[in-house]
Amino acid sequence: MHSGHKSEAALLPFLSAFTKNLLTEKGDLLDAWAEEHGSPLHVVLPSELSGNVKALRVVFDEFNVNHAIYYGAKVNKSCSLMTAALEAGAGIDVSSLFELRDAERLGAAGWQIVATGPAKTKEFHENLVRLNALISIDSPEELNDLTQLLFDGEKPQPVLFRLRPRGHDRSRFGMNASEIGAAMKKIAGDARIRLLGFHFHLSGYRWEDRLEAFRQAIDLMVEARGNGLDPKIIDIGGGLPVQYVEQSDWLRHLESQTEDDYRTGRIPASLYPYGGTLSAPEWLRNLLAAAATPTLTVAEYLRHEGLTLAMEPGRALADQSAFSLFRVTRVKDLNGRNGVIFVEGSSFSACETWFASEFLIDPILIPQSGAKATSRADRFYIAGHSCLDEDVISNRWIEFPVTPKAGDLLVWSNTAGYQMDLLENEFHRHPMPKRLCIQESTTGKMSVTLDN
Ligand SMILES: *Cc1c(COP(=O)(O)O)cnc(C)c1O
């Protein structure tokens, strides 16, 4: 196993123990998997997701706070990750009819499902109502549409109202406080609907922003009670951070990077904070310990009011739960010290560059025996197999300690969160890449199944 890096600025990825063992000890196995199932191949590790649910629960238990964790399933198309979430006691946040169908097929009951997405069709609503699943209402218009599907004498439909907090006026999601006020008045006394609480989901990854929105939700709680309603939940959405690389490596890279580090001659416009300061459990701990009111922390307020903190982490629950491997098809020298590595597969299967962004983790080279390396280049960018100039997995010039050659494998670690299959398609009529689900039994036996 060799991580590629510009010698002074390595961005070695954090790896789970299981992944590290696979990549260092089991190169032949990876080779055999790629041979059998094709390249690229996504290797899914559901036990990592279970571990991430447990790690958040430890924090909630530490603060003795009632909680509901829903896995934001849009982050990855794998069904075995959904199953792992359910088995770990989490629910599922579904944002389409199709995610809902999968959740149901995998055994999720209505109470284990929440739908927080903004654009729900009538059929999606009908199915959520049938299951009595929790629905976050994004707009007065959605409330109108939903109430038309509800009937007297049925179990009340549980809903959250999605808040668009102050300072987020340009967001198209949620309702401002006065719209929520009007919506509360509208449903007060309607036995068909039950306001379970308030929800928000913010872009960015700062817990401080959630704290600010949480304080606004507290005001809505007071207003709700004034309307004779009795909500029980504040739902803080997702956006918990993932750490991909050591923070010091990350900062050093940001400080030292120049335009010459990218084949585009441009430093990427936006980057995920790959080496952030906080893990997801630390982030949650900071939030729970912060002041919600002049006298109470968030945790104290929730306990005092008998409320549940709900959340829908996507990326943070999928942390370390998949990696993606690509077969090197050809290594081509360009000019001077530069080369390009063509891989079998496209940047749709490891997508960062399509977002004017870039992978800021080094891919891991797993050399295979066979032909001798002939390239004389000493740094490479990595391109996919399509004819589009944009089909580039890494625009960053990467150096490898061992010269890459056709037949080698390149692994991007930790791709489960939005990277591996968000944009995947059958461009050039290449078949859809496969996902391989790896599970280890209590006796240490590895089971390998296709994850469909
Ligand atoms: C995408 C999404 C999430 C999950 O976000 P992450 O950043 O992956 O944690 C949660 N809630 C809503 C409403 C979302 O749209």
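**Phe 161 and the cores**

I started at Phe 161 in this predicted model and listed what it touches, leaving aside neighbours within four places in sequence. Phe 161 is in contact with Ile 137, Leu 143, Met 175, Ile 180, Ala 183, Met 184, Ile 187, Leu 195, Gly 197, Phe 198 and His 199.

I then looked up the largest nonpolar core, which has 109 residues. Phe 161 is among those with the most contacts inside this core, along with Tyr 71, Phe 198, Phe 214 and Leu 288. Which helix gives the most to this core? Helix 9, residues 207–226, does, with nine residues. I also noted a second, separate core of 17 residues, which includes Val 43, Leu 45, Ile 364 and Val 411. In soluble globular proteins, nonpolar side chains tend to be buried together.

**The barrel**

Eight of them form a closed barrel in the order 3-4-5-6-7-8-9-10, and the pairing is parallel. From one strand to the next, the twist averages 30°.

I checked some of the pairs one by one. Strand 7 (residues 157–162) runs parallel to strand 8 (residues 193–199), and six bridges join them. In this pair, Arg 162 stands opposite His 199 of strand 8. His 199 had already come up as a contact of Phe 161.

Strand 10 has two entries in my list. Strand 3 (residues 67–72) pairs with strand 10 in the parallel sense over three bridges, and the bridge partner of His 67 in strand 10 is Leu 309. Strand 9 (residues 233–235) also runs parallel to strand 10, joined by three bridges. Here Asp 235 stands opposite Ala 310.

Is strand 10 covered on one face or on both? I found both faces covered: Thr 308 and Ala 310 are buried on one side, Leu 309 and Met 311 on the other. In a regular strand the side chains alternate between the two faces of the sheet.

In helix 11 (residues 280–289), I listed Ala 280, Trp 283, Leu 284, Leu 287 and Leu 288 as the buried residues. They lie on the same side of helix 11, because they cover an arc of only 130° around the axis. What do these buried residues pack against? Their partners are helix 3 (46–62), helix 9, helix 12 (298–305) and strand 10 (308–311). Leu 288 was already in my notes as one of the residues with the most contacts inside the largest core.

For helix 10 (residues 247–256), I found Asp 249, Trp 250 and His 253 buried. Their arc is only 100° around the axis, so they sit on the same side of helix 10. An α-helix has 3.6 residues a turn, so residues three or four places apart point the same way. The buried residues of helix 10 pack against strand 15 (392–398).

**The whole chain**

Last, I took the overall figures. The protein chain has twelve helices and 18 strands. Its C-alpha atoms fill a box of roughly 75 × 45 × 45 Å along the principal axes. I compared the radius of gyration, 24 Å, with the value near 22 Å that a compact globule of 452 residues would have, and the two agree. Buried residues make up 56% of the 452 residues. Of the contacts with a separation of 6 or more, 73% are between residues 24 or more positions apart.

Technical notes
Residues numbered from 1 in each chain as written. Predicted model: local features only at pLDDT ≥ 70, side-chain atom pairs only at ≥ 80, totals over all residues. Heavy atoms only, no water. Core = buried A, V, L, I, M, F, W, Y, C linked by side-chain atoms within 4.5 Å. Buried < 20%, exposed > 50% of the residue type's maximum accessible area, 1.4 Å probe, protein only. Helix = DSSP H or I, 4+ residues; strand = E, 2+ residues; numbered from the N terminus. Contact = heavy atoms within 4.5 Å. Arc of directions from axis to C-beta. Pairing = 2+ DSSP bridges. Axes fitted to C-alpha atoms, helices over the stretch in contact; angles between N-to-C directions. Rg over C-alpha atoms; globule rule 2.2 N^0.38 Å.
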